[in-house]
Amino acid sequence: MPIEGGIIVIGWEHEFISANMEKLTFICPLDRLSDPGSYGFSLEADENSLEGFVVRRDGECFAYRNSCPHTGSPLDWVDHQFLDIEGALIQCAVHDARFLIDSGLCVSGPCQGKSLQSVVIRVQDDNVYLLGEA
Ligand code: FES
C-alpha cells in the first residue's frame, strides 16, 4: 500500500486513511469554492453513493445531501449553484425553499421547519474531504 506524506492511499485515488485512521474522500480543492459559493459533488464507493454539495461562507464550509426535505428533489437548477442571488441562503430551485447555510434549517417555503441532511466534511491541506463513509 503506497504511503504519501503520512497518508495511506487505499482503493481508488480519492480515498485516504489519515494518520489517525479516519477515512477521508476528496471532494474538491478549497479554491473551487467562492466565498460565498457552492459546489455540487457525487461520490460512489462500493454500493454506497452520495449526491451532495458544499457551501463556503465567511471562510467556513458546510455540506449537505442534495435532497430537498420537501420532495427529495435535487436543489440546484444550474450545476454547482445552491445559493440565492445574495449568497445568503441555500435555495431549492424546485419550489423556492430557503435554508440557513450553517444549519440547513428551512426558514421559508413548503418545508419550513425541516432541515437538510448534513454531511460531515473536513477542510485539510486546502482541500475539502468527506469524513467517513459515503
Ligand atoms: S422540492 Fe425543494 S421546495 Fe419543493
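Which residue in S7 is the bridge partner of Val-55? In this predicted model, that partner is Phe-62. The bridge belongs to the antiparallel pairing of S6 and S7, which are joined by six bridges. The two strands form a hairpin with two residues between them. Asp-58 in this hairpin takes a positive phi near 50 degrees.

A second hairpin is formed by S11 and S12, again with two residues between the strands. Its turn contains Asp-125, with a positive phi of about 55 degrees. Strand S11 covers residues 121-124 and pairs with S12 in the antiparallel sense over four bridges. Within this pairing, Ile-121 stands opposite Leu-130 in S12. S12 also pairs with S4, in the antiparallel sense and over five bridges. There, Cys-28 stands opposite Val-128.

The largest nonpolar core has 27 residues. Val-55 and Ile-121 are among those with the most contacts inside this core, together with Ile-27, Phe-53, Val-54, Ala-63 and Ile-90. Two or more core residues come from each of strands S4 (23-29), S5 (37-45), S6 (48-57), S7 (60-65) and S12 (127-131). In soluble globular proteins, nonpolar side chains tend to be buried together.

Cys-68 lies in the loop between S7 and strand S8 (89-91). Cys-68 is buried because 24 other C-beta atoms lie within 10 Å, where 20 or more are required. Beyond its neighbours within four places in sequence, Cys-68 contacts Ser-73, Leu-75, Cys-92, Val-94, Ala-97 and Cys-111. Cys-68 and His-95 are 27 residues apart in sequence. Their C-alpha atoms are 9.8 Å apart in space.

S8 also belongs to an open sheet of three strands. The strand order is S8-S9-S10, and the pairing is antiparallel. S8 and strand S10 (106-108) stand at the edges with a single partner strand each, so one side of each is left without a neighbour in the sheet. Neighbouring strands of this sheet are turned by 40 degrees against each other on average, direction ignored. Three bridges join S8 to strand S9 (residues 98-100). In this antiparallel pair, Gln-91 has Arg-98 of S9 as its bridge partner.

Methods:
Residues are numbered from 1 along each chain as its sequence is written. This is a predicted model: local features need pLDDT of at least 70, side-chain atom pairs count only at pLDDT 80 or more; totals for chains, interfaces and linings use all residues. A nonpolar core is a set of buried Ala, Val, Leu, Ile, Met, Phe, Trp, Tyr and Cys residues joined through C-beta atoms within 7 Å. A residue is buried if 20 or more other C-beta atoms lie within 10 Å of its own, exposed if 12 or fewer, and partly exposed in between; C-beta atoms are placed from the backbone. Two residues are in contact if their C-beta atoms, placed from the backbone, lie within 7 Å. Two strands pair if DSSP finds at least two bridges between them. Axes are lines fitted to C-alpha atoms, for helices over the stretch in contact, and angles run from 0 to 180 degrees between N-to-C directions.
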